[in-house]
Structure formats: C-alpha cells, structure tokens
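Colleague: Hi! Could you walk me through this one?
Modeller: Happy to. Here it is.

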Amino acid sequence: MDPDFDDAVAVEDLVELERRYAEQRRGGAVSRGCQFEYAWGLVRSPYGADVRKGVALLQELLPKGTREEQRDCIFYLALGNYRLKEYERALEHVERSGAEPQNTQGLRLRRRIRDSMKRDGLLGAAIVGGVALGVAGLAGLLGLAISPCPPLTSLPRPPPRDPHPFPPLAARRAVMTTR
C-alpha cells in the first residue's frame, strides 16, 4: 500500500473542501486553486462517485492552467482514473505528462498502473477460463440429460433364476438319511 496512491482523504477534510467550493460557487466564481483542492480531495475519496466528480473537475481545470498546474491536474487525473480502475485512461494521462525522469511519483504511478493492468488481465483470463470450464461442464450435463436413453429391451438380460434356490425339503432329507 502506497500512501501517495492509496490513502483516502479524511471525511472532515473533504467536507471542509466542499464547503469552501460551494461557498465560492454561490459567490459566482470559483478560484482555480479552490476547485483544484476540492478535486484533489474528491480524487482521494474512498467513494467512486466522488472520484468521478473529482476527475470531471480536473478535466475542467486542465486547459485553463499554467504548465505546472496542468502537470498536477494530469497527475491527479491519472490517479483518479487508476482508483476507478480505468487503467487505459490513467496510463494515457501518465504518458501525457511525459513522466519526466525526475518525477518519481509519476514513474511510480505508471509502474503501478501497468502492474494493475497485468494483474487484472490475468485475473480476467482466469475468470474467463473458469466460466468456460463451467459452461463446458454444464453443456456436458445437459447433453447427458437430453440424450435418448437406450430402450430397456436392448439391455442384456440376466440368466433366468431358479425360483427355488434350495432343493425341496424331501430331497434334502433323503440326502441326509443316506449318510
């Protein structure tokens, strides 16, 4: 677990960021700094709906900011998409930032996204394989259930049994008395 990528913002902090954002919005204009801080908090929320809202706010900010602000927006867009498990988009944002060699945080996020893509890809393949095996087994059982049974007359019959497996009592007595 990496605190740069996995830590969730405290609920109290998010409520405070939301309060400031709403206050400025009621005033008519939200500063870029306030919108960025609120988006930052939303992206770090444990709730997917909050993360989506944060990503949307960052996308609004992206074309308006300076180069440094854009780099920060791109990083948090990548982080938000990573947290939403939208790895392709996250990787696009990390690649878009150029992942400068001195930006270790961006490089670590890129590695983490790629690892997650591999892991989820393998997990997806395992799920698909399991489903395919289950479907094949079900098809086999269904085939057995609907296949015609051979008629009972075609089965080999056992030899007829003697209705009286023991000799009659008189015959047994005769054998016993001669001994």
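Colleague: At what angle do the axes of helix H4 and helix H5 cross?
Modeller: This is a predicted model, to start with. In it, the axes of H4 (residues 48–61) and H5 (residues 67–83) cross at roughly 155° and come within 9 Å. Angles over 145 degrees count as roughly antiparallel, and H4 and H5 are therefore roughly antiparallel to each other.

Colleague: And which hand is the crossing of H4 and H5?
Modeller: Left-handed. On the H4 side, Val51, Val55, Leu58, Gln59 and Leu61 make the contact, while H5 brings in Cys73, Tyr76, Leu77, Gly80 and Asn81.

Colleague: Switching topic: how many aromatic pairs does a search of the whole structure find?
Modeller: Four. In one of them, tyrosine 21 and tyrosine 38 have ring centres 4.7 Å apart and planes at 25°, so that pair is stacked. Tyrosine 21 belongs to helix H2 (residues 11–27) and tyrosine 38 to helix H3 (residues 32–43), 17 residues apart.

Colleague: Are tyrosine 21 and tyrosine 38 buried or exposed?
Modeller: Tyrosine 21 counts as buried at 9% relative accessibility, and tyrosine 38 is buried as well, at 1%.

Colleague: What about phenylalanine 36 and tyrosine 76, how is that aromatic pair arranged?
Modeller: Edge-to-face, with 5.9 Å centre to centre and 75° between the planes. Phenylalanine 36 sits in H3 and tyrosine 76 in H5, so the pair ties together parts 40 residues apart in sequence. Both residues are buried.

Definitions and conventions
Residues are numbered from 1 along each chain as its sequence is written. This is a predicted model: local features need pLDDT of at least 70, side-chain atom pairs count only at pLDDT 80 or more; totals for chains, interfaces and linings use all residues. Side-chain values use heavy atoms; hydrogens and water are left out. Axes are lines fitted to C-alpha atoms, for helices over the stretch in contact, and angles run from 0 to 180 degrees between N-to-C directions. Helices (H or I, at least four residues) and strands (E, at least two) are DSSP runs, numbered from the N terminus. Angles under 35 degrees count as roughly parallel, over 145 as roughly antiparallel, 65 to 115 as roughly perpendicular and the rest as oblique. A crossing is left-handed if the near helix is turned anticlockwise from the far one by less than a right angle, and right-handed if clockwise. Contact means heavy atoms within 4.5 Å. Rings of Phe, Tyr and Trp (its six-membered ring) pair if their centres lie within 6.5 Å; planes under 30 degrees apart count as stacked, over 60 as edge-to-face and the rest as tilted. Buried means under 20% relative accessible area, exposed over 50%, partly exposed in between (1.4 Å probe, protein chains only).
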